[in-house]
Amino acid sequence: MDAAEVVFSLRAHMLGSFRLVVDDRTIPDRAWPRRAARSLLLLLLVTPGRRLPRDRVLDLLWPDATPGSAEQSLRKAVHALRRVLEPELRSGRASAWLEVGAESIALLDHAGLWIDTEAFEANLASARSAPAHATRSGLRDALALYGDDLLVDDPYTEWLDAPRDRLRVQYRRAVLDLAALDLQAGEPLATVPILERLLHQDATDEVALRTVMQSLAAAGRRDDAMRWFRRGRDTLRDELDTEPEEETQRLADEIEALATAPVSLPLARIAIRPNARVPAPPNRLIGRVREIERLQDLLFTPDTRMVTLTGPGGVGKTRLAQEVARHVADDVDDGVCFVPLAPLGDHSLVFPAIARALGLPESGRLLVEETIQAALQHRELLLVLDNFEHVLDAAPQIATLLDGAAGLKVLVTSREPLQLRAEHEMALDALSVPRSPQPKSSRGMLRYESVQLFLHRAHAVWPSFVLTDDNAVTIATICQRLDGLPLAIELAAAQVRAMSPEELLAGLSDRFALLAGGYRDLPARQQTLRDAIGWSHDLLSPPLQTLFRQLAVFAGSFTGDAAASVLASTADSASIHEGIEALVVRSLLQRADESSGARYTMLESIREYGLELLAKAEEETLRASHAAWAMALADEAAPQLMESGAVVWLDRLEAELDNVRAALEWSLGRIETDTAIRLASELRRFWFVRGYLVEGRHWIERALAESRTTDLATRVKALFAAGELSFFLEDLTRARSCAEEGLTICRTLGDTRGMADALLGLGHIARQFGELDEADAYLAEGIALARSTHDAWNLPLLEEALGTLRLHRGDLDGAEALFIRTLRAHQLAGNSRGEAAILSSLAEVARERGDTESAIALLEDSLVIVRRLRDAYAVAADLYSLGVVITHVGDYSRAEATLRESLTVSREHRLDANVAGVLRALASLATAMGNPERAARLYGAVEAFCDTVGVAYPDPSDDVIADGELTARAVLGDAAFAAARAQGRGWSTDQAVAEALADDAQAIDTTPPVRARAASRSILR
């Protein structure tokens, strides 16, 4: 068979380190028997047309050799190159790839020949000739191919200088063009990472400097913009002995002026993912038909932007808001987001709570208000804010939010209006009640909503209870006396288990006579509700009355064991558990959650009544006990969060979060103690892993500012916690100041372990700033300190960080040596988690070297450990890395199974960043397995998922198959690829995952939903 009849494939990657794939074989460095053979191929690859005169080849590759010696070297290089490209080629047969003639040497062109430099230039040309709306995506696709400058591992090869410079100029121009387009599109941060890369290569490039300053300032990151300006100015002075151009200085002045002016630059549009769904009600709503219709009419009136549902506690505001929200959810393009505000004790936490409910990533790049504003400015969404009355100081922020988001509607429940211009108040009346003269028959009573509710709740506690002609008037009178208030009626109806309707009415009448008038500063219906609750309270035995009011110190929900712990000084555990069940039967407590053990909650109005019954001294004692319980919980949880049971403890802390907030709020009022600062700091990993970065830092910073504790060690711990959260919020300036202050205190105290902690943090921060030499110095100092003090805890962490820095700088040997030393330390200490992490790092070193066999073995060893530890985060990450490496050895079936397992684990544990990476990896793998249409759909699904969830789009350089997207486009053609990709973009997260996990992709229902819904956000590691 002639060579021309065979289908060949040769893929050359030269933008960055050289990588050659021939057919299905990746050619390792050791496969080149002669350096000259590699140089010959590179010379042909960078030459336009891939053909050179023979004498030109000799001059470039062997400039100092004699003609005879050069010819002999060329023959050996050609022979060696053929062996690499075609190891099965018999002697004397024509090569499919090389043409060596007397006058010229050429690399032959085949359909299977692909060179990344040519693809890069072709994509640029295509993008620049495309319609305006497609230019951005085209430029982005082209830039994704540019991993680094041409053949960076061959810096001193002179004949590469010209093509390297040409490509670098094209790359720079494309970056600047894309940045300008992103800025115009309102997405100024999209190109910042590659702009910063340009400046790291040449800090004197003032055009790039101005562009990154404009982009950062447009996103509200003025401090970062000015930091780049100062760095560029200093470099110009030091290296070129010159000042910035007038245009650069003028831009800096304008940005500096913005620090004291309102932000007027365009904010990036941020994807939302409402993850605070409308709570599913435990019972159907009785009555309220007219109110539902009226509220819906108000919300769908174009001129109505905000409705506040007002009324006394217990009138049913929350329940009505939930019902209406569920009714209209399908008629609002971007859905409904329900935000309960009752657990919040500070109006400054309202917007962080809204951001979390919207599923917005917590980032230091924008203020929380700006992030929400940017996310909602082009959205149609109903935002439900429940129980606003105790955070009224946040009302002006709601007005600002409405001004900037034309498609936003807000529904508020509150005991009083917010007094905003956009507000339409709807006062909620009580349920309809019978009036005198009352109907004599039971049939006539059923048309009244209050009677319907009484019967419904009475039947729930006593199934044989029915409305009869004999009891109809009595029940009607009860509902009338209770003014039709839903909560009061439910409390009364719950007593039918032990009392007849006549006994209920008698008790209620006596109570009204006793409590006539109530508090003058409360509305009439509020007085009636207090009477109803007070009457229910007075029906309790004295021990239950004591337990009732004491349980009011809990916020949100609580467990029986927590109650027994907090109230241990007043009653024994058994009586507390029995009393809780008795209060549930009497509807003064409700079961909140049975999924992970019984939890209990009080309605807010009942809880407030209970708190009023507490004497001041008694409340102080209980609050202190409650805070001590929360502190003990945090102390117990902190070490567990680093162990195999982390997920269990994270869930436990999540369930107790409202109680933790209450304990923090009370403790902050006692500034002479260190409870608040210790409690907020101990939860540092919880704040981070569960995405409460803004709130966690809020509590810690308040404690640092308000606490008067003289315990410097406690302050250091809080500083390190605040610094860590600031680091992950991208507030590197605050992170650095926390670490530096902590280091100063530790030096004063002689706390060498704390000093090592601080140096480790400063090393990470410096690396993030791009100050690699400074990072190296911090870590080196920390390592020296840890060694001199035999700090077995910090030494491995510092050496691991230094190894990561070495790997980041391309020093594979240095990184490997540090990782091996750290591995031994973890093994000697029995630290399995640390051992697994280092094995993964060593696998990355092996992968960078092209040693896939070792990388696979190392990752498998790590996976065995983390599976044993039940560490879902590490399992998902190791499976992903293993799937990527296995792909490179061509075992596609095993790679697909491994990646699918990673996707399953990631989805189950809400590891959204890993979900995005695995979906893209499976898309690239589909290309390699001959299913480009499925690949295109998955590429589109990844984009939609990232937009919805708010995670970064996976780095294409991490694809399991390089250029899988480009290959799929080439096979399908632009039109078919775009259609398949658009189909994937219309999928929900569940549909995308189902497609990725399905053996037969065609079996999946890919009908796009009205709205994409996504799981809540988590952090991988």
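Predicted model: local features only at pLDDT ≥ 70, side-chain atom pairs only at ≥ 80, totals over all residues.
1. Leu 812, Ala 815, Glu 816, Phe 819, Ile 820, Thr 822, Leu 823, His 826 and Gln 827 in H37 meet a set of residues in H38, namely Gly 834, Glu 835, Ile 838, Leu 839, Ser 841, Leu 842, Val 845 and Glu 848.

2. Helix H37 covers residues 812-829 and helix H38 covers residues 832-848; their axes are 9 Å apart and the packing angle is about 160°. Angles over 145 degrees count as roughly antiparallel, so H37 and H38 are roughly antiparallel to each other. The crossing of H37 and H38 is left-handed.

3. Helix H35 (residues 772-788) and helix H36 (residues 794-808) have axes that come within 9 Å and cross at roughly 155°. H35 and H36 are therefore roughly antiparallel to each other, and their crossing is left-handed. From H35, the contact uses Leu 772, Ala 775, Asp 776, Leu 779, Gly 782, Ile 783, Ala 786 and Arg 787; from H36, it uses Leu 795, Leu 798, Glu 799, Ala 801, Leu 802, Leu 805, Arg 806 and His 808. Here the division is 10 nonpolar, 2 polar and 4 charged.

4. For the overall setting, the protein chain has 46 helices and 15 strands. It holds 1021 residues, of which 53% count as buried. Taking contacts between residues at least 6 apart in sequence, 69% join residues at least 24 apart.

5. Apart from neighbours within four places in sequence, Arg 661 is in contact with Pro 343, Leu 344, Arg 356, Tyr 692, Glu 695 and Trp 699.

6. Val 866 belongs to helix H39 (residues 852-869). With a relative accessible area of 2%, Val 866 is buried. Setting aside neighbours within four places in sequence, its contacts are Ala 836, Asp 871, Ala 874, Val 875 and Asp 878. Val 866 and Ala 837 are 29 residues apart in sequence, and their C-alpha atoms are 9.0 Å apart in space.

7. Finally, two backbone details to view in the loops. Arg 50 is not a glycine, yet it has a positive phi of about 60°. You will find Arg 50 in the loop between helix H1 (35-46) and strand S4 (51-53), and it is buried, with a relative accessible area of 8%. Asn 387, also a residue other than glycine, has a positive phi near 65°. The loop that holds Asn 387 runs between strand S10 (381-386) and helix H15 (395-404). Asn 387 is buried, with a relative accessible area of 16%.

Definitions and conventions: Residues numbered from 1 in each chain as written. Heavy atoms only, no water. Axes fitted to C-alpha atoms, helices over the stretch in contact; angles between N-to-C directions. Helix = DSSP H or I, 4+ residues; strand = E, 2+ residues; numbered from the N terminus. Parallel < 35°, antiparallel > 145°, perpendicular 65-115°, else oblique. Left-handed = near helix turned anticlockwise from the far one by under 90°. Contact = heavy atoms within 4.5 Å. Nonpolar A, V, L, I, M, F, W, Y, C, P; charged D, E, K, R; others polar. Buried < 20%, exposed > 50% of the residue type's maximum accessible area, 1.4 Å probe, protein only.
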